[in-house]
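Visitor: Please take a close look at a single residue and its surroundings, and then follow the neighbouring parts from there. I would like the cut-offs stated as you go.

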Amino acid sequence: MIKLFLFMGSILAGLSVAGGAFASHALKDKLSDRALEIFETGTKYQMYHALALILVALLLTRLETIPITLSSAGYAFIIGVVIFSGSLYALSLTGIKWLGAIAPIGGAAFLVGWLSLAIAATGIK
């Protein structure tokens, strides 16, 4: 699990940087300002939660027993990035409005991740 979370966090962070660069260079003249703003929101939240995933991996290396809440946080962050950021990328690139309705599901996954991390923190000595 440690390797998975560290690997996924690193990949997601790198893809966030690449996505931001892609938006500011290749998409700047192709998308509306609003679509670019939506895309950039996806990259920001992807980076925040990639770093949170790396934090979870690092915390896991320090603990003898792995609380289920900590592993749940990591999985929730991954699911959140895929659903939240993925739906925003798709929305901005296609203009299909109903994709915006999917983003809150990813946002809920982010909240589950943060709540799980907070609960795990109460048990860390």
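Guide: Leu-91 is placed in helix 3, which spans residues 68-94, where helices are DSSP runs of H or I with at least four residues, strands are runs of E with at least two, and both are numbered from the N terminus. The model is a predicted one, in which local features need pLDDT of at least 70 and side-chain atom pairs count only at pLDDT 80 or more, while totals for chains, interfaces and linings use all residues. Residues are numbered from 1 along each chain as its sequence is written, and side-chain values use heavy atoms, with hydrogens and water left out.

With a relative accessible area of 12%, Leu-91 is buried, given that buried means under 20%, exposed over 50% and partly exposed in between, with a 1.4 Å probe and protein chains only. Setting aside residues up to four places away in sequence, Leu-91 touches Ile-38, Ile-96, Lys-97, Leu-99 and Gly-100, a contact being heavy atoms within 4.5 Å. Of these, Ile-38 is 53 residues away in sequence, yet the C-alpha to C-alpha separation from Leu-91 is 7.9 Å.

Helix 2, residues 33-62, holds Gln-46, which at 5% relative accessibility also counts as buried. Beyond residues up to four places away in sequence, the contacts of Gln-46 are Leu-12, Leu-15, Ser-16, Val-81, Ser-85 and Tyr-89.

Aromatic rings form the next part of the picture. Rings of Phe, Tyr and Trp (its six-membered ring) pair if their centres lie within 6.5 Å, with planes under 30 degrees apart counted as stacked, over 60 as edge-to-face and the rest as tilted, and by this rule there are seven aromatic pairs. In one of them, the rings of Tyr-45 and Tyr-48 have centres 5.7 Å apart and planes at 65°, so this pair is edge-to-face. Because they are three residues apart in helix 2, Tyr-45 and Tyr-48 are separated by about one helical turn. Tyr-45 is partly exposed at 35% relative accessible area, as is Tyr-48 at 45%, and together with Phe-84 and Phe-110 these two tyrosines form one aromatic cluster.
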